Amino acid sequence: MASAEEAAAKPQARQDGQVGGHGGAGALLFENGRVLKPATCPKEVAFYKQVAAGHAPHAVKFHLVPQFFGTEERDTPYGRINYFIMEDMLQGFKHPSILDIKMGTQTWHEDCTEEKRLQHIEQDSKCTTGKYGFRFCGMKVWDVAKKAAQKFDKRYGWFALEEDAMVEALTTFLNDGTRVRTDIIPFFLERLDQVRKFMSGGGWAMYASSLLFVYDDATVEDSHPPGVFMIDFAHAVRLPNPLGGDPSYVPGVDNLMKFFHRIEAGSTALKLTLPTIPGITDALTPERMDEMWERMDINHNGSLSLAEVENTLHGCFPKFAARRMLLLRAFFKADKSMNDAIDRNEFTSLIKYLVFYHQLYEVFQKIDVNRDRKLNLEEVKTGYKMLGIPVTDETEVRTAFAKIDVDGSGVIDFEEFCAYMTKVYMQ
């Protein structure tokens, strides 16, 4: 019988580090801080060799990809298999929570069959790949309270097409059973920014490649720092332009950063109960929208100028018209086509933003006790109590204040207040 030391030295078909991918002959082996992956795709081996040869300096500098140690054949229960050997990015983690995200708006590659290409296009169009440029490909979360890992179905989060649903899916990954780990989001964002720089000008395109997010149990001694790594390069393509970017990959990174920003902002947000505005807050029904559109579209050309909106508001909602700065903010926020006009598709957003900005203005005035049109830290503290928001830790208030005070002036003006609350509530 082999000793414990000999057994530990042998490669293990470990499952705790594999949340996506394949089992059986395609399973990964883990040995002494290294991963052995079946070298079934020459392109992936070629990618690692080119990285080792200096053709991806940014990825190497910021340790975005595993280190490559060559190839080796091994005898296995499935026959003799050629493996390529790379660094085990999970080495040192005690109880890792892992999320495998397949990146790109396009997951098919040029050398696939037409049938396969059409299958990928259809599948991508129905899940978050087509909308956000990424999809979940496997997730495991360590529950600190239960001292056990929960593994999620491979298709978890695939159809979280609404932004709130995607925020909830990513929050599930960050929830360790005792709290949502917003403390690691800045690290994830920093790593994603480096990935974005590489994929925007590193000379590579990646199809069906993944990002691996991992963080450790914070309650254990010597908890390992979190990580974000690029993995799975079976369809990595060297671009003719060595400074070229990947238009399929980058949008997914941008959207991931946006969602992590939302989670981070929401965790320290002033969780306001916005005031009701009589006569309009409770009238945002499709029927009422149609009536208001007909009334505002004076010349019946299918679009609204700023003057048309303003003239109608003077007659219907003089309070709105009197606060022109809020009208301008709502108008240009809703004008997604940026043609200085609001079409019918943008009209609902116009009214919602108009209501929302007036609600914020009412709240801001209520908190601005000294009426200097700025909020200092003491006013924000008082504002929490005034608005019925329980404060258990003053650090929470200071953190929220610092996030809103973008220019670091020590006070929050309405512009900063409005921009922050819009990000938290309306995006």
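Predicted model: local features only at pLDDT ≥ 70, side-chain atom pairs only at ≥ 80, totals over all residues.

Colleague: Fine. Where does Arg181 lie?

Modeller: Arg181 is in the loop between helix H6 (163-174) and helix H7 (185-201).

Colleague: Is Arg181 buried or exposed?

Modeller: Buried. Its relative accessibility is 6%, and the cut-off for buried is under 20%.

Colleague: What does its side chain make a polar contact with?

Modeller: The side chain of Asp183, at 2.9 Å.

Colleague: And which residues does Arg181 touch, not counting those up to four places away in sequence?

Modeller: Leu174, Asp176, Tyr215, Asp216 and Ala218.

Colleague: On to the rings. How many aromatic pairs are there?

Modeller: The count comes to 25. One of them is Phe213 with Phe260. That pair is tilted, with 5.8 Å centre to centre and 45 degrees between the planes.

Colleague: Which parts does the pair tie together?

Modeller: Phe213 lies in strand E9 (residues 210-215) and Phe260 in helix H8 (residues 250-267), so the pair links parts that are 47 residues apart in sequence.

Colleague: Buried or exposed, Phe213 and Phe260?

Modeller: Phe213 is buried, with a relative accessible area of 0%. Phe260 is buried too, at 0%.

Colleague: What about Phe356 and Tyr357?

Modeller: They form a tilted aromatic pair, 5.8 Å centre to centre, with 50 degrees between the planes. Phe356 is buried at 3% relative accessibility. Tyr357 is buried as well, with a relative accessible area of 2%.

Colleague: Which residues form one aromatic cluster?

Modeller: Phe47, Tyr48, Phe68, Phe84, Trp204 and Phe233.

Colleague: Now charges over rings. Which ring does the charged end of Arg135 sit over?

Modeller: The ring of Trp158, 4.5 Å from its centre. There is also Lys258, whose charged end sits over the ring of Phe259, 5.1 Å from its centre.

Colleague: New topic: Ile101. Which strand is it found in?

Modeller: Strand E5 (residues 97-103). Ile101 is buried, with a relative accessible area of 0%.

Colleague: What does Ile101 touch, leaving out residues up to four places away in sequence?

Modeller: Its contacts include Arg135 and Phe213.

Colleague: How far apart are Ile101 and Ala208 in space?

Modeller: 9.6 Å, C-alpha to C-alpha, and they are 107 residues apart in sequence.

Colleague: What is phi of Ala208 near?

Modeller: Near 60 degrees, a positive value in a residue other than glycine. Ala208 is placed in the loop between strand E8 (204-206) and E9. At 18% relative accessibility, Ala208 counts as buried, because the cut-off is under 20%.

Colleague: Last one, Asn32. What is its phi?

Modeller: Positive, about 50 degrees, although Asn32 is not a glycine. Asn32 is in the loop between strand E1 (29-31) and strand E2 (34-38).

Colleague: And is Asn32 buried or exposed?

Modeller: Exposed, at 61% relative accessibility. The cut-off there is over 50%.

Colleague: Great, thanks.

Methods. Residues numbered from 1 in each chain as written. Heavy atoms only, no water. Helix = DSSP H or I, 4+ residues; strand = E, 2+ residues; numbered from the N terminus. Buried < 20%, exposed > 50% of the residue type's maximum accessible area, 1.4 Å probe, protein only. Polar contact = N/O pair within 3.5 Å; in protein donor to acceptor, adjacent residues only side chain to side chain. Contact = heavy atoms within 4.5 Å. Phe/Tyr/Trp six-rings, centres within 6.5 Å; stacked < 30°, edge-to-face > 60°. Lys NZ or Arg CZ within 6 Å of the ring centre and 35° of its normal.
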